[in-house]
Amino acid sequence: MKYILGSPAYRFLAASFLWSFGANLIYFFLNFHLEGLGYGRQAIGLAQALLLLVGVVSALPLAYLIPRLGYRKSFLLALALAVGSGLLLGLGLLVFPSLAGYGLAGALVQGAGAPLMARLIPAERRVSLFSLQAALTTASGFFSTLLAGALSEWVGARWVILFALPFFLLTLPFLVGLPEGQGTPPRLSGRFGIWLRLFLPQAVIGFGAGLVIPFLNLYLREKFGLSYGTTGLVFALSALATGVAMLLQPLLVRRLGKLGAIVFVQALSLPFMAILAWVPWLPLVTVALLIRGALMNAAGPVYAALVMDYLGEDERPGFFLMESALWSLLFALGGVLSGMVQEAWGLVAFNYLFALTLGLYAVGIALWPWTFGRLRAAYRESSS
């Protein structure tokens, strides 16, 4: 244990776990919190959009700020923003400005996280440790959503978000001991063509996800009449299943390669999305939710490790910020569109939203081989 806590990489993993615990608690209960404050479904869609659009607007400035400020200091700034914004949001004060502040905190973590991890671990261990980090942060959702469900029964859905703040603060001791990694501003000349090619599958999948994923908790609660506690349990199990799937990714990578592992797990998730959409039996829908989330999200750490093979260190913060910004923009647009459709058609709207999501997922997955097919040669040409 002393060795683990003394290792910068494992200290970062511990900080990521605690940060994600608080972030998952907010993510899962934000919709219910906004409902408790009296906001309608369209307003909730706009709130989700704002949370993500802040990352879009701030992506390019942060791509230059984070390398100069330092990766660890960027995390500390994100921590201060998350605590302040979370407090106001939890109290129902300045809700939309608070969401903007919290979105900025998330963008800082997004831009600094992967580059810092890449500095702390050697290249040959990236898949295993990126997978471990993703598994831990995802598994934190198991405990945080269970806690959210229990807290909602105890204090009411209106106050659950405030309980995320202690977990944000607990990340501080682990961040203080990390080395202060700094980089150089990103090289953008000659890189946009390559970046856009890397972005395209994620962008298509992100728009499809935005149509249904932000509303899954509301969808299940309305369709099956679930309580807050039961809904929390279902999503907690989904997070646990995703964490287990992420731990298995290094085994798939050894057999299929990084690209093959991404395509395999995401394609395998599509039938379970269909079950989630149109099967009226809750036990089967619950199993489908667990497997779909596990398979679709398990590709994330492998994608991050694969992208590292094509990008120089100076490009990494900028790339991950811009990738997150583009994904968030399309995810947010999907959420706004979905909220409008739901406002007009009610629960039946999900029949069409799920169908569109499935189609977009299939297109995005089919684009992965094209994206990486000749990318290494293109990257070498641009570098020369």
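Modeller: Angles under 35 degrees count as roughly parallel, over 145 as roughly antiparallel, 65 to 115 as roughly perpendicular and the rest as oblique. The model is predicted, so local features need pLDDT of at least 70 and side-chain atom pairs pLDDT 80 or more, while totals for chains, interfaces and linings use all residues. Residues are numbered from 1 along each chain as its sequence is written, and side-chain values use heavy atoms, without hydrogens and water.

Colleague: How are α2 and α5 oriented to each other?

Modeller: Helix α2 spans residues 8-36 and helix α5 residues 95-120; helices are DSSP runs of H or I, at least four residues, numbered from the N terminus. Their angle is about 155 degrees, taken from 0 to 180 degrees between N-to-C directions, with axes fitted to C-alpha atoms over the stretch in contact. The two helices are therefore roughly antiparallel.

Colleague: How many charged residues has the contact of α2 with α5?

Modeller: Contact means heavy atoms within 4.5 Å. Among the residues making it are F12 and W19 of α2 and Y102 and G113 of α5. Asp, Glu, Lys and Arg count as charged, Ala, Val, Leu, Ile, Met, Phe, Trp, Tyr, Cys and Pro as nonpolar, and the others, Gly among them, as polar. The contact has 17 nonpolar residues, 1 polar and no charged.

Colleague: How does α2 lie relative to α4?

Modeller: Helix α4 covers residues 71-90, and its axis is 12 Å from that of α2. The angle between them is about 25 degrees. That makes α2 and α4 roughly parallel.
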